[in-house]
Amino acid sequence: MNGFDITGWGISVPEKVVTSAELAERFGVDEHWITSRCGISERRAVGPGQTTASLAVEAGRRALAKAGLSGGDIAHLIVATATPEQPSPATSAFVHHELGIAGSAHDVNSECAGFVYGLVSAMALIAIDPRPILLIGSDTHTLTANPADRDLSILVGDGAGAVVLVPAADSNVLAWNLGADGSCTGSLKVLAGGSRMPTTEETVRQGLHYAQINGNEIYLNAVRYTVRTVRETLKNAKVEAADVRHVIPHQANIRIINSILSHTGLRPEALVANLHKYGNTASASIPIALAEALDEGRIENGDLVLLAGFGAGMTWGSMLLEWRGGTR
């Protein structure tokens, strides 16, 4: 089976910083209440002219430069996002144009598990068409959060992360697992703006175009399903949790992450976490954390790297890699 190497990576985050101190003042709570509740000290928010696609383009451009490739070398572009540029066409179409991508383009919307879903999709594509793929996770959830919604506003941040996959003679993917539970569609939702409830003056007046979250349901299901997918992937790879060198989970909430580590036996020292400075950047959180860990030299060839994400829907996914990346 053909595999892939990740030879390029890049991130793009807005310059605007929203601190927990600012949010604490807005919502009339103590700053410590926010940081202890979610582990987030600050997050980034898009400014004028910045969008999901513009962040994706910048992250993609940096990943291509590191890989030594151009858009003309890319056979497939995949953009994972739950906050699209607009309802139609797909966000990937905008990114495709800006980066001069030669090949095809499509979006993946699996919410915060989108990057792992995109990675599995890319793995399948490259097995049947061994040419370079650009995979980008990009989200701007600060634009979908109701400014009056304390529970969601303290969590979300904006950003994008990208990786370039090039074909390799064999696979460095030891195992992967994807799953979904469509009975959980009510735990995090945006009610208006789709075919079920088209946008009207009334839906806007009621704020139904904003995201709504049931935090307790998300917490319980995130832990339950992420623990399940991690265990499945490790079992299929015949790898013990203690042997995983780096764990890069979806950066949602430090309490969720710690609970996942506790229930799976993954070593706390293996955790790669940066949510304290970016917040929950949804489908961008895993590639941003991966790119930063690589730039810091934390990941070396031969290391076992576990990626694990979960998102609204619910969706979840994990992949275990024996790292074999690096610029060429």
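Contact means heavy atoms within 4.5 Å. Helices (H or I, at least four residues) and strands (E, at least two) are DSSP runs, numbered from the N terminus.

Before moving on, please keep in mind that this is a predicted model, in which local features need pLDDT of at least 70 and side-chain atom pairs count only at pLDDT 80 or more, while totals for chains, interfaces and linings use all residues. Residues are numbered from 1 along each chain as its sequence is written, and side-chain values use heavy atoms, with hydrogens and water left out.

**Stop 1: the open sheet**

Now colour the five strands of the open sheet, whose order is β1-β7-β6-β4-β5 with mixed pairing. β1 (3–12) and β5 (104–108) are the edge strands; each has a single partner strand, so one side of each is left without a neighbour in the sheet. On average, neighbouring strands of this sheet are turned by 20 degrees against each other, direction ignored. Two strands count as paired if DSSP finds at least two bridges between them. Zoom in on β4 (residues 76–80), which runs parallel to β5 and is joined to it by five bridges. A80 has V108 in β5 as its bridge partner.

**Stop 2: G161**

Next, select G161, in strand β7. Is G161 buried or exposed? G161 is buried, at a relative accessible area of 0%; buried means under 20%, exposed over 50%, and partly exposed in between (1.4 Å probe, protein chains only). Leaving aside neighbours within four places in sequence, its contacts include G10, I11, A59, L135 and A284. Show V13 as well: its C-alpha atom is separated from that of G161 by 8.7 Å, although the two residues are 148 apart along the chain.

**Stop 3: strand β13**

Move to β13 (residues 313–322), a mostly covered strand with nine of its 10 residues buried. β8 (residues 173–184) runs antiparallel to β13, joined by eight bridges, and G179 stands opposite W316 in β13. β12 (residues 304–311) is also antiparallel to β13, with eight bridges between them; here L307 has M319 as its bridge partner. The hairpin from β12 to β13 passes through one residue.

**Stop 4: the second largest pocket**

For the second largest pocket, with a volume of about 310 Å³, select K16, V18, R26, A45 and T142, the closest to its centre of the 15 lining residues. On a 1 Å grid over the protein atoms alone, a pocket is an open set of points with protein on both sides within 12 Å along at least five of seven lines, a cavity is a set where a 1.4 Å probe fits but cannot get out, and lining residues have an atom within 4 Å of a point. Grid points are joined across faces, edges and corners, and a volume is the space filled by probe spheres set on the points. α1 gives the most to this lining, with three residues.

**Stop 5: the cavity**

Finish at the largest cavity, holding about 50 Å³ of space. Its lining includes T226, V230, P249 and A308, and α9 supplies the largest share, three residues.

Technical notes: Axes fitted to C-alpha atoms, helices over the stretch in contact; angles between N-to-C directions.
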